[in-house]
Amino acid sequence: MIAGAFSGLVSRYSCSLSSLPFLPQADTCSLTPRFVIAPLDVIKIRLQLQPIPTSTPTIQTTTPSALASAPPPPPLYRGILPTLLRILREETITGLWKGNIPAELLYITYGAAQFLTYRHLTTTLDSPFYALPPSLKYFVSGGLAGAAATTLSYPFDLLRTRFAAQANGDRRIYTSILHSIRQIRRSEGYAGFFRGWGAGVTQIVPYMGLVFMTHEATKKFLGDKLDSNSKTLDAVSGGLAGVVAKTGTFPLDLIRKRLQVQGPTRTRYLLGDRLPVHTGVLGTARDVLRVEGVRGLYRGLVVSLVKAAPLSAATMWSFEVAMGVLKGSDEHED
């Protein structure tokens with residue numbers, strides 16, 4: 001059962017085998033790889049926040065006698081490499097690590113909450129009075145654990161997004177973590193820390209379920225076809241699970257990001273007036289579809305998959321190896 005708890009870290013964490021049995025170390029060991037891939041998060045957030053209309057809107061001038069058609073300003077960010085180069089040019093290399101501190105706090109909090117919740121859920125579902133199919137048990141346990149962890153860690157997720165979206169120097173909205181907490185509480189109330197929470201929880205349940213189900217199904221299929229039980233299959237099936245789950249739930253991730261920058265500071269971020277006003281999950285989805293089309297719901301998907309596939313592969317490989325080690329340890333104690 002201890003080994004099963006590590007699967008609660010799927011989709012967000014990878015860890016060295018020597019650290020796995022200890023919760024604090026399991027969280028700490030995730031910080032190094034997360035620090036390395038932090039620039040991908042910043043690039044993804046910038047691409048997600050930027051609306052690119054599918055057609056040229058008509059902009060009304062201040063002259064009452066006429067309407068003038070004017071094209072919208074060109075997008076600031078388009079594509080991974082151009083976005084990377086623009087950030088380096090305008091914000092220096094430190095711009096690629098904006099929001100990294102709240103991001104690390106997010107990963108630690110999320111991992112601890114998901115670890116403990118998943119352990120309790122799997123214990124509860126292993127009842128002698130009924131037997132759930134393994135795929136359903138994985139889906140329910142992973143999804144509910146992810147929802148609980150998302151709720152507990154959500155304020156850090158919001159802070160990460162806002163720091164990644166703000167400018168440098170005098171144009172900064174928040175100068176530190178404590179300053180951001182004070183400002184949000186004062187101007188938006190405690191509800192301000194949970195903008196977009198509905199999209200986050202709605203996303204994480206199917207995401208975690210898809211990760212577990214895809215991993216198990218792919219591993220069994222490849223194992224049967226290749227007549228192998230190699231640990232390489234864990235990495236391959238884990239990588240595919242990450243791609244499937246991320247692609248299937250990505251629109252909710254984009255909606256969450258756009259809702260997180262709403263409020264009194266909306267026009268003060270780097271994208272400024274380009275950031276539209278959104279209200280609610282369904283309202284945001286309708287707005288994006290109307291103005292940007294279906295493609296608008298998938299802005300930033302490529303960079304997200306670049307990050308998700310290897311991370312999920314490493315996570316599932318670590319999980320399977322850890323399960324084998326801990327199972328052997330339990331048998332030795334018996």
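**Aromatic pairs, burial and a surface patch**

Q: How many aromatic pairs does the structure hold?
A: The structure holds 3 aromatic pairs.

Q: Why is the pair of Tyr154 and Phe194 called stacked?
A: Rings of Phe, Tyr and Trp (its six-membered ring) pair if their centres lie within 6.5 Å; planes under 30 degrees apart count as stacked, over 60 as edge-to-face and the rest as tilted. The centres of Tyr154 and Phe194 are 6.1 Å apart and the planes stand at 10°, so the pair is stacked.

Q: What makes this pair a link between distant parts of the chain?
A: Tyr154 belongs to helix α6 (residues 134–165), while Phe194 sits in the loop between α7 (177–188) and α8 (197–226), 40 residues apart. Helices here are DSSP runs (H or I, at least four residues) and strands are runs of E (at least two), numbered from the N terminus.

The model is predicted, with pLDDT of at least 70 needed for local features and 80 or more for side-chain atom pairs, while totals for chains, interfaces and linings use all residues. Residues are numbered from 1 along each chain as its sequence is written, and side-chain values use heavy atoms, leaving out hydrogens and water.

Q: Why is Phe250 called buried and Tyr298 partly exposed?
A: Phe250 has a relative accessible area of 0%, so Phe250 is buried. Tyr298 has 30%, so Tyr298 counts as partly exposed.

Q: Which residues make the nonpolar surface patch, and why is Leu85 called partly exposed?
A: Leu81, Leu85, Leu88 and Ile93 make a patch of about 370 Å². Leu85, in helix α4 (residues 80–91), has a relative accessible area of 43% and is therefore partly exposed. Patch residues have over 30% relative accessible area and no salt bridge, with nonpolar side chains joined within 5 Å and like charges within 9 Å; a salt bridge is a side-chain nitrogen of Lys or Arg within 4 Å of a carboxyl oxygen of Asp or Glu.

Q: What does the protein chain hold in helices and strands?
A: The protein chain has 11 helices and 0 strands. Of its 334 residues, 49% count as buried.

Definitions and conventions. Areas by Shrake-Rupley, 256 points an atom, 1.4 Å probe, with all protein chains shown as cover. Buried < 20%, exposed > 50% of the residue type's maximum accessible area, 1.4 Å probe, protein only.
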